[in-house]
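Work through the exercises below with the model open. Try each task before reading its solution.

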Amino acid sequence: MKKITSFTIDHWKLQPGVYVSRKDKAGDCTVTTFDLRMTSPNEEPVMNTAEVHTIEHLGATFLRNDETYVDKVLYFGPMGCRTGFYLLLAGDYESRDIIPLIQALFDFIADFEGEVPGASPKDCGNYLDMNLPMARYLARKYRMEVLENISDDRLVYPE
């Protein structure tokens, strides 16, 4: 079998950033998959499931309520390796196009206080596996260290 696209990226060179992972056609629509890489693969510790789960709940809630992107968000969820998240948007985008959205998203998570949306036994299959303080910390770190003045080399996969 052929390697899938994400397995062809050199993860030794990959640094935290916002990358276009792939573009697919769904009928007449282009679907852009973004790699929101929060940690340096194989160098930094991966994120624990509790904070990943919390970021997923907060991120999905924020994105599906954003006035501009509400009808474009197809999916937001964690990578299996726990080094980041995938965001799928209906439309043909480049990484730079969504930086303001991703900055707002991680500001929202970094500043969030209160009950995590959907963190109840009625709404979630693993509602106790949440860590809001650590999710806020990781969101703030990603926002300040990566998104604040993101450079072009953090917007295109390394060769």
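**Exercise 1. Find the surroundings of H57 in this predicted model: which residues beyond four places in sequence is H57 in contact with?**

Solution. 
- Step 1. Leave aside the neighbours within four places in sequence; the contacts of H57 are then V116, P117, G118, A119, C124 and M130.
- Step 2. H57 belongs to helix α1.
- Step 3. A polar atom of the H57 side chain lies 2.8 Å from the backbone oxygen of P117.
- Step 4. Classify the burial. The cut-off for buried is under 20% relative accessible area. H57 has 14%, so H57 is buried.

**Exercise 2. Check α1: what should its 15 residues span, and how far apart are its end C-alpha atoms?**

Solution. 
- Step 1. At 1.5 Å a residue, α1 should span 21 Å.
- Step 2. The C-alpha atoms at its ends are 20 Å apart, which agrees.
- Step 3. Count the burial. In α1, 12 of the 15 residues are buried, so the helix is largely enclosed by the rest of the structure.
- Step 4. Name some of them. The buried residues include A50, V52, I55, H57, L58, F62 and L63. Among them are also E51, H53 and T54.
- Step 5. Identify the cover. It includes β3, β4, α2 and α3.

**Exercise 3. Repeat the check for α2: how many residues has it, and how far does it reach?**

Solution. 
- Step 1. α2 has 13 residues.
- Step 2. From first C-alpha to last, α2 reaches 18 Å, close to the expected 18 Å.
- Step 3. List the buried residues of α2: I99, L101, I102, Q103, L105, F106, I109 and A110.
- Step 4. Their cover includes strands β1, β2, β3 and β4, along with helices α1 and α3.

**Exercise 4. Describe the largest nonpolar core: how many residues has it, and which have the most contacts inside it?**

Solution. 
- Step 1. The largest nonpolar core has 38 residues.
- Step 2. V18, L36, L87, I102 and F106 have the most contacts inside this core.
- Step 3. Trace the contributors. Two or more residues come from each of β1 (17-26), β2 (29-37), α1 (49-63), β3 (73-78), β4 (84-90), α2 (99-111) and α3 (132-147).
- Step 4. Zoom in on L87. Not counting residues up to four places away, L87 touches T32, T33, F34, L36, L63, V73, Y75, F76, I98 and I102.

**Exercise 5. Examine two loop residues: where do N42 and R82 lie?**

Solution. 
- Step 1. N42 sits in the loop between β2 and α1. R82 sits in the loop between β3 and β4.
- Step 2. Read the backbone angles. Phi of N42 is near 65 degrees, a positive value in a residue other than glycine. Phi of R82 is near 65 degrees, again positive in a non-glycine residue.
- Step 3. Apply the cut-off: exposed means over 50%. N42 has a relative accessible area of 56%, so N42 is exposed. R82 has 28%, so R82 is partly exposed.

Definitions and conventions
Residues numbered from 1 in each chain as written. Predicted model: local features only at pLDDT ≥ 70, side-chain atom pairs only at ≥ 80, totals over all residues. Heavy atoms only, no water. Core = buried A, V, L, I, M, F, W, Y, C linked by side-chain atoms within 4.5 Å. Buried < 20%, exposed > 50% of the residue type's maximum accessible area, 1.4 Å probe, protein only. Helix = DSSP H or I, 4+ residues; strand = E, 2+ residues; numbered from the N terminus. Contact = heavy atoms within 4.5 Å. Expected span 1.5 Å × (residues − 1). Polar contact = N/O pair within 3.5 Å; in protein donor to acceptor, adjacent residues only side chain to side chain.
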